[in-house]
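Thanks for coming, everyone. Please bring up the sequence and the structure, and I will walk through them with you.

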Amino acid sequence: MATVAVPVEQKNYLNAEYGIRSWLFTTDHKRIALLYLVSITAMFFVGGFFALLIRLELLTPAGDLLLADTYNKMFSMHGQVMVFFFLIPSIPAVLGNFLIPMMIGAKDLAFPRINLLSWYIYIVAAGLYLWCIFSGGVDTGWTFYTPYSSLFSNTHVIEAGLAIFIAGFSSILTGLNFVVTVHRMRAPGMTWGRLPLFVWSHYATSIIMLLGTPVIAITLVLVVLERTLNLGIFDPSRGGDPVLFQHLFWFYSHPAVYIMILPSMAVVSEIIPCFSRKRVFGYTFVAMSSIGIAVIGFLVWAHHMFVAGISLYSALVFSFLTFLVAVPSAIKVFNWTATMYKGSLSFSTPMLYAIGFIGLFTIGGLTGVFLATLGVDVHVHDTYFVIAHFHYVMVGGAVLGFLGGMHFWWPKITGRLYPEGWGRLAAVIVFIGFNLTFFPQFILGYLGMPRRYWDYSHMPEWQGLNVLSTAGASILAVGYLLPMVYMLWSLRYGKIAGDNPWQATGLEWKTPSPPPTFNFDETPIVTEEAYEYDKMPLPEEVSLER
Amino acid sequence: MASNHALPVDLVYIFLVVLSAVMTLGIFATIAVFGLKYRRRHGREAHQIEGSLILEITWSVIPLGIFMVLFGWGAVIYFHERTPPRDSTEIYVVGKQWMWKIQHQEGQREINELHIPVDRDIKLIMTSQDVIHSFFIPEFRVKQDVIPGRYTTLWFRATTPGTYHLFCAQFCGTEHSGMIGQVVVMNPSDYQNWMSGGTIVGSLAQNGQTLFQQLGCSTCHRFDVQGRGPNLTGVFGKPVQLQDGRTVLADENYVRESILIPTAKVVSGFQPIMPSFQGQVSEEQLNALVAYVKSLSQAPAGAAGTPTNNPGPAANQ
Ligand SMILES: [Cu+2]
Ligand SMILES: [Cu+2]
């Protein structure tokens, strides 16, 4: 399959057709992945802009930069944009879309047109959400808690709710497509035991998307109906129950955390073996822990409600199950670390992100254990401790995984190499900026600073840590912008990558970069396990550095 | 330590911090050592290792064991936090956008301030008249959401006199970050002084009794002869037999629901004729009614400072 390199003239998925129509009507999973990449990057900058305003407001204790209502909209829309329009689609819809068919030796996903449809649905949803922003925005927090969202907020809750409702269909269809593809489209010889862990993790993610997303969709519709028709489902004065909303919301939104983190784990499970030149330590355990996380992840939702008046005994059960779900995550961390043992390690950019992921996810996971511990959760719930915790998981975990994956597969996607020196620099800047932004928030949280506070002038002693956090955020912003610049630069000026610049295993590397429209000239026949790195030569560039 | 809950919470917290530091540094150090030892060099190849069942079991079982200890430890604290001692001093709290309204048993009312005596068990019986709020005293390490349509409770024993921050921790709209106040913990003598200052129009239960007459509750609920509604003496705190066969405990939420949605739980042997008072009584009036119904079942409880002037059934005739 490996073709002789005549890079310029060769037909690939990028130059097979030209013109805007060839993109908007494409059914090629790789082109759809790029459509997603552009759209989620745009949404990331929208969400990032809101984050910037939040951090600037908190630079001083007084609420002086924004109005209270504006601030409330900023954190609400920051959360909604980042969760529903960036993190959830990020790795699955871009890297998963691009790579899963190639990794299993297929020409495309099982339903190429549905794949395009999910992008269009995403665009409609994102468009509606942007319209919501421009018509005044929404201030319910990303959590839409009732009865505030259903009866009291006079912002654009309906538009935001419907936008997220619509976006849900996009992820349901993506999940469906992945599940069917993995079941039905594997090349001959690609048994379940030979699947790259990337595919296993995405399979687990897809199951959560399929089972969880309908619940949030319906829940938001209920909020919309309550606002428009006064249904009384969540309104206590009509016999409704406002806490019921929280059960429904978290039934999806806790598993959604795994929709965001499992794909990152998928990326890390590919990067670490490649840059250690080793097979993954404990393949079966890493694969099964993904499934374990997906299953137990559905049984822990009420750990967000330990102080919301749920019964004492249900709190005990949910705390117990939450401790259980921490075990498979720990297993993964240990196996990744063990993979490096006696390896031949190179600290190229993707590896730096993967190691950063391990470190930050470890902190994110361990602080999750704090929150699972009932007595501690009562104190730190709804404080900056929780904010710090989930940013360690969502940014330190999910975003670092996304960046690591983008760097790792960039040569495959574009056929060009990004400048390695800049790559490493950006990775280090992201790591430092991230920790400076979010570590102080753990302390703020334990000191008692509640989340979603616009003004803390009665507690001026909190300013120092907030200033650190804002300073960190500006460093982090540089770390995000750098890759934007040098990756765009590399599209034109980057070195030609060749089919397999990292000498990585996996079928996606056995096809030209960028790949041809149908990925493989002939369907590959798989005869080996994943990660047979002993059979691969060392990559050129890296072996040069002594 | 500002409250009885603070030390236990801080202890687990410190344990968790140490555990996390050891774990995180352990992982970082391992990666660093591997990074130095196994850095790519000419002529040295990676050593392929399949995995190790023993290691997998070890690093699943040990964390699981530690987690179970933490689960138990956290659960014990939580159990304690959610079980107020029987003779706690009860104070009613109503959250509203964007203030805290406090009603003491003795009749004192405060806004955004809660005065309590040191070393006494305090139980807050809280509700909201609009959205969900959350009553949070960081130094006491306690927090409880305050939910419209029901009571939630929070208890603690302040152990050091002083002034402490009170926050709303659940986002509740524009002035969420302004929904703050203070908890003033006083020595018994200062507290006595504070209690006797100001003008008070009778205790909470007495106010409830007045309302009980004004709203016409007393026409159905009589204490001398059997009225159309049950005699409320001794009802509170006891199990109630319902028409549909269930038995429920008559707690604050039950009394509250009986007044707002009487048909939700109909007492066995009675007709569902009681009208709903939804929208006719404010949350504060509801608290007074609940306090009154409670007082009908109590030997004078250890109310804060002054002995409560308990209006018994006799006062009603
Ligand atoms: Cu959760
Ligand atoms: Cu609030």
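Let me begin with a term: accessible areas come from the Shrake-Rupley method with a 1.4 Å probe, and for residues only the protein chains shown count as cover. On that basis chain B exposes about 14,000 Å², of which carbon and sulfur atoms supply 60%. Please keep in mind that this is a predicted model, in which local features need pLDDT of at least 70 and side-chain atom pairs count only at pLDDT 80 or more, while totals for chains, interfaces and linings use all residues. Residues are numbered from 1 along each chain as its sequence is written, chains are lettered from A and ligands numbered from 1 in the order in which they are written, and side-chain values use heavy atoms, with hydrogens and water left out.

Of the 317 residues of chain B, 50% count as buried, which is to say under 20% relative accessible area. Its C-alpha atoms fill a box of roughly 100 × 50 × 40 Å along the principal axes.

Now, which residues coordinate the copper ion (ligand 2)? They are C168(B) through SG, Q170(B) through O, C172(B) through SG and H176(B) through ND1, at 2.1 to 2.5 Å, where donors are N, O and S atoms within 2.8 Å of the metal (3.2 Å for Na, K and Ca). Along the chain these donors follow the spacing C-x1-Q-x1-C-x3-H, and both Q170(B) and C172(B) are buried.

H254(A) counts as buried because its relative accessibility is 7%, and H304(A) counts as buried at 18%.

Conventions
Buried means under 20% relative accessible area, exposed over 50%, partly exposed in between (1.4 Å probe, protein chains only).
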